[in-house]
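Please keep the model in view while going through the numbered points.

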Amino acid sequence: MTAGQPAGRRRRWGARLRAGLLGAACCCALMPAMAEEAPARKALRVCQDPNNMPFSNTKGEGIENRIAELFGKALGLPVTYYSFPQRMAFFRNTLRFKLPGQDYPCDIVMGVPVGLDEVSVTKPYYRSTYALVFPKGKGMDHVASAEDFLKLDPAKLKSLRIGIYDRSPASQWLGRHGLLEQGVPYKIMNADPAQYPGEIVERDLAQGNLDAVVVWGPIAGYFAQRVKTPALVVVPLKSEKSIRLDYQMAMGVRYGEREWKQQVEGLIESKASEIQAILKEYGVPLVDASFGVPNN
């Protein structure tokens with residue numbers, strides 16, 4: 001959440017808010033494809049971002065790489081990857097990319113937010129939320145919820161430098177609670193191919209350039225556990241009225257490929273315990289529906 005996800009990820013897939021995800025939706029419109037009989041699969045062909053940990057990279061080290069390998073083994077197929085940065089027009093250049101006389105280069109995106117309309121979305125396989133991350137020993141050790149954080153001494157709150165990705169739900173959350181001036185915005189879209197969403201945690205927060213960050217949960221959890229000094233605390237945040245922070249994540253396939261979608265959903269169901277184990281290994285904050293937007 002690539003920064004990432006997440007409302008930002010759903011609306012602006014290319015922003016890598018998955019980041020996000022957020023994370024962030026392609027700006028291009030998707031026309032449903034006509035259903036057609038697909039030839040027998042020779043590989044599980046995955047569309048991925050080449051540098052978007054903890055989700056994927058070209059070394060196959062991400063959550064989605066691990067789940068893809070799990071699915072490939074279950075299908076008895078090798079896993080291949082077609083990489084393209086998750087910025088503008090990601091789906092147009094991966095899942096929907098097809099030259100005359102040639103086949104699509106990949107058939108599945110391993111992580112998309114439920115509600116995205118650029119692809120045919122499967123049933124969800126996890127729910128996470130934006131999280132607050134801060135170092136131990138800096139006067140916030142008792143903070144275990146958003147309420148605890150917001151009850152800090154006003155002078156303490158006003159002194160904090162809180163890193164966020166601009167135009168993300170994190171900036172909305174700071175604004176709701178009168179902390180926008182404490183926000184240190186990072187660009188949600190970065191042209192540098194070497195940039196990755198976790199820099200905000202393992203570089204700037206760890207080095208003391210920031211006092212806290214609010215980022216998409218999988219980014220928060222994965223990079224917080226990579227930082228050994230100082231020890232970092234991850235506090236999942238609940239959605240609030242008119243500010244959605246939690247998102248269900250699913251997989252995406254092309255419209256019209258009903259049987260393939262059903263097959264993927266069968267794998268999500270049959271491999272649920274293994275998928276959950278992978279998510280926990282990567283430190284993903286897994287939450288339930290109680291983190292959703294309140295009904296009143």
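1. Helices (H or I, at least four residues) and strands (E, at least two) are DSSP runs, numbered from the N terminus. Axes are lines fitted to C-alpha atoms, for helices over the stretch in contact, and angles run from 0 to 180 degrees between N-to-C directions. The model is predicted: local features need pLDDT of at least 70, side-chain atom pairs count only at pLDDT 80 or more, and totals for chains, interfaces and linings use all residues. Residues are numbered from 1 along each chain as its sequence is written, and side-chain values use heavy atoms, with hydrogens and water left out.

2. Helix H2 (residues 63-75) packs with helix H9 (residues 272-281) at an angle of about 160°, their axes being 10 Å apart. H2 and H9 are therefore roughly antiparallel to each other (angles under 35 degrees count as roughly parallel, over 145 as roughly antiparallel, 65 to 115 as roughly perpendicular and the rest as oblique). On the H2 side, Ile63, Arg66, Ile67, Leu70 and Phe71 meet Glu274, Ile275, Ile278, Leu279 and Glu281 of H9, where contact means heavy atoms within 4.5 Å.

3. H2 also packs with H8, at an angle of about 105° and with the axes 11 Å apart. That makes H2 roughly perpendicular to H8. Phe71, Ala74 and Leu75 of H2 make the contact with Trp260, Gln263, Val264, Leu267 and Ile268 of H8.

4. Ile63 is found in helix H2. Is Ile63 buried or exposed? Ile63 is buried, with a relative accessible area of 2% (buried means under 20% relative accessible area, exposed over 50%, partly exposed in between, with a 1.4 Å probe and protein chains only). Not counting residues up to four places away in sequence, Ile63 touches Pro54, Phe55, Ile278, Leu279, Tyr282 and Val284. Ile63 and Lys280 are 217 residues apart in sequence, yet 10.0 Å apart in space, C-alpha to C-alpha.

5. Glu265 belongs to helix H8 (residues 258-270). Leaving aside neighbours within four places in sequence, Glu265 is in contact with Thr122 and Lys123. Glu265 and Lys123 are 142 residues apart in sequence and 6.4 Å apart in space, C-alpha to C-alpha.

6. In helix H5 (residues 169-176), the buried residues include Pro169, Ala170, Ser171, Trp173 and Leu174.

7. How many aromatic pairs does the structure hold? There are nine aromatic pairs. The rings of Tyr130 and Trp216 have centres 5.8 Å apart and planes at 55°, so this pair is tilted (rings of Phe, Tyr and Trp, the last by its six-membered ring, pair if their centres lie within 6.5 Å; planes under 30 degrees apart count as stacked, over 60 as edge-to-face and the rest as tilted). Tyr130 lies in strand E7 (residues 126-135) and Trp216 in strand E10 (residues 212-216), so the pair ties together parts that are 86 residues apart in sequence. Tyr130 is buried, with a relative accessible area of 1%, and Trp216 is buried, at 0%. Elsewhere, ring pairs link Tyr196, Tyr222, Phe223 and Tyr282 into a cluster.

8. Charges also meet rings. The charged end of Arg254 sits over the ring of Tyr104, 3.7 Å from its centre, and that of Lys238 sits over the ring of Phe291, 5.4 Å from its centre. A charge sits over a ring if NZ of Lys or CZ of Arg is within 6 Å of the ring centre and within 35 degrees of the ring normal.
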